[in-house]
Amino acid sequence: MTEAAVCPVPHENRVHPLGAPAGFAEAISDGPVKMLWPNGVEAWVISSYAGVRKVLSDPRFSANKDGQPEMRTEGEQVLGLPEPGNMNVMDGDAHLRLRRPLARAFMVKRLNEMRPRIQEIVDEHLDAMERAGAPADLVSSVCLPVPSLVIAELLGVPPEHQALFQATAREMFGKNGSRAEYEAKAEELDGVLLKVVQEKKASGTTDDLIGLMVNDTDFQMDELLFLAIGLLAAGHETTSNFFGLFTLTLFEKPDQLAILKRDPGRADVIVEELMRYTVGRLGGAGLARRAVEDVEVDGVTIKAGEWVAVTFQANLDESLCPHAGELDLERRAVSHLGFGYGPHQCLGANLARAELQILLRTLFTRFPDVRPAVPVAEMDFREDMITYGAATIPVVW
Amino acid sequence: MTVRIDQAKCIGSGQCVLAAPDVFDQSDDDGLGLVLISEPPAELLPGVRDAVDRCPAQVVTLEE
């Protein structure tokens with residue numbers, strides 16, 4: 001008897017740029033299903049809200065990503081290799097040793113103190129956009145530079161190296177990235193960061209994240225540099241993409257945009273709902289874990305050694321909230337999976353929240369008539385990265 | 001009704017502070033979660049239950 005063929009994971013040809021890859025929703029509609037990734041690795045795809053939470057929090061699933069299912073069709077694994085400081089691939093105490101000391105830099109109250117500065121950065125960029133006049137590209141005017149400056153400030157690195165930070169992030173998150181090219185960029189960035197580390201050592205500061213790591217943790221230099229590069233890259237690619245995706249989602253749903261404009265003071269709750277819906281609607285299978293022993297999830301047994309990938313389409317699961325498939329900005333905040341779940345949940349989530357709240361509120365308050373200069377479906381989207389977003393967002397106001 | 005945080009496994013994500021700011025805080029020393037009111041009055045319980053649900057490390061508990 002032969003086993004049924006494992007179908008390839010749908011990962012291309014989004015029917016709508018803000019929707020899932022063609023065929024993805026159908027492929028997962030009957031519960032857990034094993035699929036084949038473009039790099040030849042098979043994994044179970046888990047799509048229920050409870051199932052995704054289980055995979056991401058149960059210690060019987062390891063975060064070790066060596067040999068993981070990936071969207072690349074060529075090249076070699078760039079991300080997720082076991083190296084000093086790569087807490088994303090660590091489990092248990094080894095992970096906590098690196099993760100916990102970073103919590104102070106992302107504390108809710110510390111980020112609240114940063115809000116006036118974030119506002120200032122946002123205002124400066126919107127001023128510049130207004131001065132240059134319509135049409136403008138929201139991505140290059142706001143989406144990219146704002147999170148880039150904010151994360152540089154949080155880490156305590158000079159902003160003049162912005163271009164290098166962005167280039168490193170691109171190498172890191174490229175689907176068919178080259179390990180050698182990433183290492184070359186990382187080495188260049190190490191040179192910049194080593195100078196910063198010396199300055200922090202001399203001043204003894206713990207006011208920024210690098211100062212904190214240098215002067216108040218037991219991190220080794222190679223761990224510290226890896227963490228700093230990872231945080232810089234993550235801070236660039238994620239918030240900038242999501243601010244763009246949120247804006248496009250609102251352009252397409254004027255009745256929902258009206259809710260934000262009517263009550264910009266609710267930007268905190270609105271960002272949670274936009275995160276839930278946008279991430280859920282994009283679908284696709286991403287984050288992988290590997291079972292270290294047999295575990296039952298959603299009625300199937302994941303055998304020890306098998307890979308599991310979760311889909312955040314679980315954010316549209318009716319067990320999370322009623323009419324979960326719709327964007328409802330009047331909804332109260334629910335426990336969505338937009339920042340992941342479990343001990344590896346996005347470290348920068350509270351920073352991203354602050355930035356997205358300020359960006360959205362300010363953009364639509366200052367430019368109440370801002371609108372896309374071309375239809376959303378005709379815009380260019382970046383499909384060559386494991387992170388996804390619009391390449392440009394032409395707007396007028 | 002007793003609220004607890006298992007400090008040994010807390011990752012300091014601050015989700016509890018967002019869910020119930022009157023009941024939780026984060027320590028200035030290490031960023032980890034702190035319980036400000038361990039026996040919260042009834043009106044604060046919805047927020048506490050939300051914190052239990054949202055905690056990514058599953059370390060917030062409410063003993064009913």
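This is a predicted model: local features need pLDDT of at least 70, side-chain atom pairs count only at pLDDT 80 or more; totals for chains, interfaces and linings use all residues.
1. One residue pairing can be named: A:R371 has A:V396, in β13(A), as its bridge partner.

2. The pairing belongs to an open sheet of three strands in chain A, ordered β5-β13-β10 and antiparallel. β5 (136-137) and β10 (371-372) of chain A are the edge strands; each has a single partner strand, so one side of each lacks a neighbour in the sheet.

3. After α8(A) comes A:G204, with a positive phi near 75°.

4. The buried residues of α8(A) are A:Y182, A:K185, A:L189, A:L193, A:V197 and A:K200. An α-helix has 3.6 residues a turn, so residues three or four places apart point the same way. The packing partners of the buried residues of α8(A) are α7 (162-173), α9 (209-216) and α10 (221-252) of chain A.

5. Between the chains, 15 residues of chain A are in contact with 15 residues of chain B. On the side of chain A that touches chain B, α4 (108-132) and α13 (349-366) of chain A each contribute at least two residues. By class, that side of chain A consists of six nonpolar, five polar and four charged residues.

Methods
Residues are numbered from 1 along each chain as its sequence is written. Chains are lettered from A and ligands numbered from 1 in the order in which they are written. Two residues are in contact if their C-beta atoms, placed from the backbone, lie within 7 Å. Helices (H or I, at least four residues) and strands (E, at least two) are DSSP runs, numbered from the N terminus. Ala, Val, Leu, Ile, Met, Phe, Trp, Tyr, Cys and Pro count as nonpolar, Asp, Glu, Lys and Arg as charged, and the others, Gly among them, as polar. A residue is buried if 20 or more other C-beta atoms lie within 10 Å of its own, exposed if 12 or fewer, and partly exposed in between; C-beta atoms are placed from the backbone. Two strands pair if DSSP finds at least two bridges between them.
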